[in-house]
Amino acid sequence: MYWFKSTVTIFLISYCAIAKCSKFHGFKTPCKETSPECLKSSLQALIPEFVNGVPELGIGSLDPYKIDDVKLELPGGIKIDFKEGYSKGLRKCTVDFVRPIGDKYEVVFHCNLVVKGKYRSSGKLMMFPIDGQGNSTIICKNLKTRFTFRLTTIKKGNEEYVQMKDIDVQHTYEGRIVYHMTDLFKGNAEISKMVLDFMNQNWKLVAKEFGGPIIDYGTTAILNNVKKVLDEVPVNQLLEK
């Protein structure tokens with residue numbers, strides 16, 4: 001579940017390529033130079049446009065982002081099924097800064113995200129056995145993400161297309177995470193409350209310990225949307241004004 005808090009925004013890694021794409025009709029401020037100020041303002045303007053989706057390229061909305069029938073296995077053997085859910089908040093992410101570093105770019109931004117849905121879990125959380133099924137709301141305040149990446153081009157037929165390379169993503173919790181989950185231990189409200197209290201009191205430890213596989217899942221899901229743009233739109237269209 002934690003991946004939605006931190007990685008569903010990795011689509012931003014291709015912003016400097018897709019900022020001029022004609023498919024994003026509302027985007028009016030592409031950069032003609034690579035100053036940090038222009039890159040920051042251009043990326044900030046692009047976020048709401050991109051998370052709406054690009055139906056003509058088969059790209060759905062990222063805010064809200066539908067989450068259904070997600071099955072994950074976390075450290076310690078915890079198994080989680082997540083259904084009938086969604087995440088919200090990507091369109092309001094704030095870009096802190098953008099800068100070129102040699103042939104790479106560095107981007108730092110922060111977001112407030114909310115994830116809701118129905119869950120089923122089993123396994124062991126720290127010292128607590130988990131056997132739960134219920135409703136879940138996860139609130140992540142001020143999650144900061146930093147990544148670097150490089151863009152290259154490849155030839156397909158008579159056209160050139162952009163590819164993403166050397167992507168590195170890191171995140172830190174500048175705010176906190178709040179968990180609201182029902183029936184963490186089926187049939188025992190007292191133990192369920194004790195486990196939930198532990199999770200909220202130790203939210204950073206819980207996220208760091210069990211977030212890895214979920215972050216990977218979210219990264220893959222969002223990257224697929226970015227790749228659809230870059231695979232479908234050649235360089236000459238990306239650079240149209």
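Across the protein chain the pLDDT averages 77, and 77% of the residues score at least 70. The stretch 1–22 falls below 50 in pLDDT, yet in the model it still has 103 contacts beyond near neighbours in sequence. Everything that follows describes a predicted model.

As a general point, an α-helix has 3.6 residues a turn, so residues three or four places apart point the same way. After helix 3 comes G53, with a positive phi near 95 degrees.

The buried set in helix 4 consists of S192, V195, L196, F198, M199 and N200. At the start of this helix, N188 puts a side-chain oxygen within 3.2 Å of the backbone nitrogen of E190.

Now for the sulfurs. The disulfide count comes to 1, and the pair is C93 with C111, whose sulfur atoms sit 2.1 Å apart. This link joins distant parts of the chain, 18 residues apart: C93 belongs to the loop between strand 3 and strand 4 (94–101), while C111 belongs to strand 5 (residues 104–125). The torsion about the S-S bond of C93 and C111 is about 115 degrees, so the disulfide is right-handed. C93 counts as buried because its relative accessibility is 2%, under the 20% cut-off. C111 is buried too, also at 2% relative accessibility. What about C140? Its closest cysteine sulfur is the one in C111, but at 8.5 Å that is too far for a bond.

Strand 4 and strand 5 pair in the antiparallel sense, over 7 bridges. One of the pairings involves V95, whose bridge partner in strand 5 is F109. The hairpin these two strands make has 2 residues between the strands, and in it G102 adopts a positive phi near 65 degrees.

I67 lies in strand 1 and is buried, at a relative accessible area of 2%. Q133, found in strand 6 (residues 128–156), is partly exposed, since its relative accessible area is 45%. The C-alpha atoms of Q133 and L184 are 6.4 Å apart, though the two residues are 51 apart in sequence. Leaving out residues up to four places away in sequence, Q133 touches Y119, R120, T182, D183 and K186.

Most residues other than glycine have a negative phi, and most peptide bonds are trans. D183, one of the residues touched by Q133, has a positive phi near 55 degrees despite not being glycine. It sits in the loop between strand 8 (177–181) and helix 4 (189–201), and its relative accessibility of 41% makes D183 partly exposed. E84 is another non-glycine residue with a positive phi, in this case near 50 degrees. E84, however, lies within strand 3 (residues 78–88). At 57% relative accessibility, E84 counts as exposed because the value is over 50%.

The peptide bond between D63 and P64 is cis, with omega about 5 degrees. P64 falls in the loop that runs between helix 3 (36–51) and strand 1 (65–67), the strand that also holds I67.

Definitions and conventions. Residues are numbered from 1 along each chain as its sequence is written. This is a predicted model: local features need pLDDT of at least 70, side-chain atom pairs count only at pLDDT 80 or more; totals for chains, interfaces and linings use all residues. Side-chain values use heavy atoms; hydrogens and water are left out. Helices (H or I, at least four residues) and strands (E, at least two) are DSSP runs, numbered from the N terminus. Buried means under 20% relative accessible area, exposed over 50%, partly exposed in between (1.4 Å probe, protein chains only). A polar contact is a pair of N or O atoms within 3.5 Å; within protein, one must be able to donate a hydrogen and the other to accept it, and residues adjacent in sequence count only if both atoms are side-chain atoms. A disulfide is a pair of cysteine sulfur atoms within 2.5 Å. Two strands pair if DSSP finds at least two bridges between them. pLDDT is the predictor's confidence in each residue, from 0 to 100. Contact means heavy atoms within 4.5 Å.
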